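Here is my note for your first look at this model. Keep the viewer open and check each point as you read.

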Amino acid sequence: MEMKGAMGGLYKLTEWITRIAFSNVLWVLCTSPFLFIVLTKFLMAAQTPDAHNEQLLSNWFLGILSPFVLFPATAAMFTVVRKWVMGNPDVPVFKTFFRGYKENYKQSMIGGIFYTLLFVIMYVDYTVYMTQLEGFQLVGIIMLVLLILLFVSLFNFFSMTVHYEMKTLQLLKNAVLLTLIRPFRVFTTLVGSAVLAYIGTQMPVLFIFFLFCLMALFAFFNFYATFTKMQEQQERMRKAEEESETEQALLDSMDSVKKEDNGSKS
């Protein structure tokens with residue numbers, strides 16, 4: 001029997017808190033090697049700021065691990081939140097998460113390698129232009145903007161990976177294109193994620209239980225809204241084309257009848 005009123009609302013809220021927390025914990029567990037190095041890196045930077053070699057080594061480890069650990073786990077989380085956004089909140093979280101992990105592992109890993117290489121190359125270029133080449137700061141700023149665009153396109157990449165059956169190259173290309181042609185929704189996701197990350201720095205427990213799942217949920221919600229709007233626009237254009245073709249066929253038919261009528265009169 002379904003509960004109503006305040007108790008029903010409280011029960012649903014508790015259900016959602018449990019779903020989000022469980023999904024977030026699964027993501028944290030699957031990305032624990034990556035997160036451990038991130039935590040070690042920050043602690044090292046706070047305690048020994050001059051340990052440049054250690055920082056560089058940790059960056060290498062993060063770059064190597066991210067395609068094989070971070071990207072597949074994030075795709076798995078997007079698999080779960082996709083079900084929620086599309087109106088199926090009662091799916092089993094554990095089963096859905098690891099099915100998404102298995103099904104999307106290869107594509108997310110290849111995409112992760114591509115993104116990681118681009119991030120490394122562009123970040124090195126940005127650092128060189130901003131710190132070592134005088135008079136090239138404008139190029140460095142451009143590289144920073146491109147880095148932000150690349151990061152933002154990640155939201156679309158994960159959303160499209162779990163929502164479409166596409167080849168990896170198509171996914172990468174369409175993720176970037178969607179970021180460029182529909183920037184408002186994606187940057188809304190970026191701002192929302194930044195706000196959540198700031199709240200997480202004030203309450204670190206959120207990182208373990210809620211933060212990353214909420215980011216994924218917000219990101220896929222914005223992506224799905226964009227996707228639905230584009231579908232509606234495409235459907236309107238298709239109907240307009242069909243109406244135009246019908247009108248043209250009618251005009252051609254009437255014109256043919258008119259010509260035949262004129263021929264009979266003559």
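1. Start in helix 1 (residues 5-30), where Glu15 and Arg19 both sit. They are 4 residues apart, about one turn of the helix. Helices here are DSSP runs of H or I with at least four residues, numbered from the N terminus. The side chains of Glu15 and Arg19 meet in a salt bridge, 3.6 Å from N to O. A salt bridge is a side-chain nitrogen of Lys or Arg within 4 Å of a carboxyl oxygen of Asp or Glu.

2. Before going on, note that this is a predicted model: local features need pLDDT of at least 70, side-chain atom pairs count only at pLDDT 80 or more, and totals for chains, interfaces and linings use all residues. Residues are numbered from 1 along each chain as its sequence is written, and side-chain values use heavy atoms, leaving out hydrogens and water.

3. What else does Arg19 form a salt bridge with? The partner is Asp90, with the closest N and O atoms 2.8 Å apart. Arg19 lies in helix 1 and Asp90 in the loop between helix 3 and helix 4, so the pair ties together parts 71 residues apart in sequence.

4. Arg19 is buried at 10%. Glu15 is partly exposed at 27%. Asp90 is exposed at 59%.

5. Look next at the largest nonpolar core, which has 47 residues. Such a core is a set of buried Ala, Val, Leu, Ile, Met, Phe, Trp, Tyr and Cys residues joined through side-chain atoms within 4.5 Å. Helix 3 (residues 52-85) gives the most to this core, with 12 residues. Tyr115 is among the residues with the most contacts inside the core. Leaving out residues up to four places away in sequence, Tyr115 touches several residues, including Phe71, Leu150 and Phe157. Contact means heavy atoms within 4.5 Å.

6. The structure holds 0 disulfides (pairs of cysteine sulfur atoms within 2.5 Å). The sulfur of Cys30 is 13 Å from the closest cysteine sulfur, in Cys213, too far for a bond. Cys213 is buried, at 0%.

7. Confidence in each residue is given as pLDDT, from 0 to 100. The protein chain averages 85. Confidence is lowest in helix 10 (residues 211-265), at a mean of 76, and highest in helix 4 (residues 93-103), at 95.

Note on methods. Buried means under 20% relative accessible area, exposed over 50%, partly exposed in between (1.4 Å probe, protein chains only). Helices (H or I, at least four residues) and strands (E, at least two) are DSSP runs, numbered from the N terminus. pLDDT is the predictor's confidence in each residue, from 0 to 100.
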